[in-house]
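Welcome! Please take a moment with the sequence and the 3D view below, and then we can walk through a few places together.

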Amino acid sequence: MRSVYVDDLQNHVGETVTVRGWLYSKRSSGKLLFLIVRDGAGLAQCVLFKGAVSPELFELADSLTQESSLKVTGEVKKEERAPGGYEISVTGLEVVQITKDYPITPKEHGTAFLMEHRHLWLRSSRQHSILRVRHEIIKACRDFFDSRGFTLVDTPIFTPAACEGTTTLFETQYFDQKAYLTQSGQLYNEATAAAFGKSYCFGPTFRAEKSKTRRHLMEFWMVEPEVCFAELEEVMQLAENLVVFVVQRVLENRQEDLKVIERDIAKLEQVRSPFPRLSYDEAVKTLRESGSGIEWGDDFGAADETMLSLMHDRPVMVHRYPTSVKAFYMQPDASRPEVALCVDVLAPEGYGEIIGGGQRVHEESLLRQRIAEHHLPEEAFRWYVDLRKYGATPHGGFGMGIERVVAWVCGIEHVRETIPFPRMLYKIYP
RNA sequence: UCCUGAGUAGCUCAAUGGCAGAGCAUCCGGCUGUUAACCGGAGGGUUGUAGGUUCGAGUCCUACCUCAGGAGCCA
């Protein structure tokens, strides 16, 4: 018998096919039995009339429990009343395993309970849709860079030194020496960009900060492009184009999933170029007028970022932060060295920072000075300084946090639902 | 790390210091077009842990544990 996936049923109307999957739910009105079968591609309603099938088959179907694995065979019919528009009239059923006491029932549950059962929660339609949007976003990022001449060049997960000296890193043993899990591929990207002209990396990132908010994970994914000869303006344009492209692709390909998640599509349709741009100076002025106690020189607090994010209907780009609140490698503005040539992209609707980046220091002497000022180990950065000795160019790039983008695009509260198995503060199960 | 809140049936939640409850799930019965189906019945409890106050504690007090929300921290 021909096995098909549920999203392909429309091409098999009138044929007898087999669907392999799990029982999502069951409804019965006496001699009429509806099985909703989930196969990963979709949900299919399967129907049995007592009398029209053998008593054994009806009995077997009636004994199925939620999440039992099975192979169901029957004729595909177009049926308006069925979710998805197609229905299978069951003529055969093979039970692979009867499931007992599946913990997640069709009723409501708290997030603590659901996170404890994350390995099973992934089967629920809402979680399933969120992760399909995540897949689309990741694929869109790769397509965006691949079609613009970027080369994917992966950067290492194990790194030899606490590079920036700012974030707290996860320390691990690397034979007889200490190593740290990467907090960013950016420094290595600068080396690969000088080899490939423009490059990007896409991988997991680790931060040991004890952050406990809806925007933070200990392990998350970042896509980081780096472009030689690019100055701040070019970096900002690239970031804007990427965000527009990604949102557009989700709107094109994942309408069904956005519907399941109940996302307000109109808000995403507003995400078009050009994005509003705001210098840090202007942002501080606006925030102070709105009642924030922020002083020039402070980094934005969570409330400030949310406020800025709520002021616009599309992502807003904030550029030229004070050099003192940014990383050591940020290139200072030549006309105003107290500000850095950097940019953050804040997603609308209160979601906040999804991208951070800018132009990097490209002069050897200035970089050496910065390394000294930040008390960073000179030896660990020897290779990084080398990049400024051999064919230095102005260059820049940014990092985009995938989970924050998924949370924003899906319109969900917390980043923990945007990654299959979130690593949270003190929580590493399952 | 700090602040706030919550832990009661498998799940989601009620219960003025005075008999431990409901809905869903499970099991049994009924129903030929259901959409979180519906209707009837049954079983299901060391009220997070340890101590204390009280004639009497799920409820009040103390400590601890766990979870949630937020802050700080965080290219």
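## Met424 and its neighbours

Leaving aside residues up to four places away in sequence, Met424 touches Leu217, Met218 and Arg416; two residues are in contact if their C-beta atoms, placed from the backbone, lie within 7 Å. Met424 itself sits in the segment after α13 (402–410). Helices (H or I, at least four residues) and strands (E, at least two) are DSSP runs, numbered from the N terminus.

From C-alpha to C-alpha, Met424 and Lys107 are 26 Å apart in space and 317 residues apart in sequence.

## About the model

This is a predicted model, in which local features need pLDDT of at least 70 and side-chain atom pairs count only at pLDDT 80 or more, while totals for chains, interfaces and linings use all residues. Residues are numbered from 1 along each chain as its sequence is written, and chains are lettered from A and ligands numbered from 1 in the order in which they are written.

## Around the RNA

Now look at RNA strand B: Gly30, Gly110, Ser184, Gly301 and Gly356 come nearest among the 51 residues around RNA strand B. Near means that a residue's C-beta atom, placed from the backbone, lies within 6 Å. Two or more residues each come from β1 (16–28), β2 (32–38), β3 (43–49), α2 (111–116) and α10 (302–310), and α2 gives the largest share, 4 residues.
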